[in-house]
Amino acid sequence: MKIQIWGKSKCFDTKKAERYFKERRIPYQAIDLLRYGMSRGEPKAADYALVQHLAYEQDKIERLLDDPSLLRTPIVRNGRQATIGYCPDVWKTWE
């Protein structure tokens, strides 16, 4: 199991997710979303309403990649599986 956690340093749910894996001694890689962002291969403060009203999905994706602060965190990935937010019920199935 190779866990990656994208989050914001001041996000309470990101800290809870890191604590979840640490308490179970499951190694994870923490990535500061605001500092490093997400690559285009991975599924500043701007108006979130703008993203909702963009017509094309590709435009929405581009906007979110340009401004990662708009993404909900934590984003936790285990291989091809991923969750958004604090989801311990899903993570238990990964163990």
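1. The model is a predicted one, in which local features need pLDDT of at least 70, side-chain atom pairs count only at pLDDT 80 or more, and totals for chains, interfaces and linings use all residues. Residues are numbered from 1 along each chain as its sequence is written, and side-chain values use heavy atoms, with hydrogens and water left out.

2. T83 belongs to strand β4, residues 81–84. Strands (E, at least two residues) and helices (H or I, at least four) are DSSP runs numbered from the N terminus. T83 counts as buried because its relative accessibility is 7%; buried means under 20% relative accessible area, exposed over 50%, and partly exposed in between, with a 1.4 Å probe and protein chains only. Leaving aside residues up to four places away in sequence, T83 touches P74, I75, V76, V90, W91 and W94, contact being heavy atoms within 4.5 Å.

3. The largest nonpolar core has nine residues: I3, I5, A17, Y20, F21, I26, V76, W91 and W94. A nonpolar core is a set of buried Ala, Val, Leu, Ile, Met, Phe, Trp, Tyr and Cys residues joined through side-chain atoms within 4.5 Å. At least two residues of this core come from each of β1 (3–7), α1 (12–23) and α5 (88–94), and α1 gives the most, with three. Another core, of five residues, lies apart from it and includes I31, L33, L71 and I75.

4. Four strands form an open sheet in the order β2-β1-β3-β4, with mixed pairing. Strands β2 (28–32) and β4 are at the edges with a single partner strand each, so one side of each has no neighbour in the sheet. On average, neighbouring strands are turned by 15° against each other, direction ignored.

5. The pairing of β1 with β3 (residues 75–78) is antiparallel and runs over four bridges; two strands pair if DSSP finds at least two bridges between them. Within this pair, I3 stands opposite N78 in β3. Helix α1 packs on the sheet, touching β1, β2 and β3, and its direction makes about 160° with that of β1. Axes are lines fitted to C-alpha atoms, for helices over the stretch in contact, with angles from 0 to 180 degrees between N-to-C directions.
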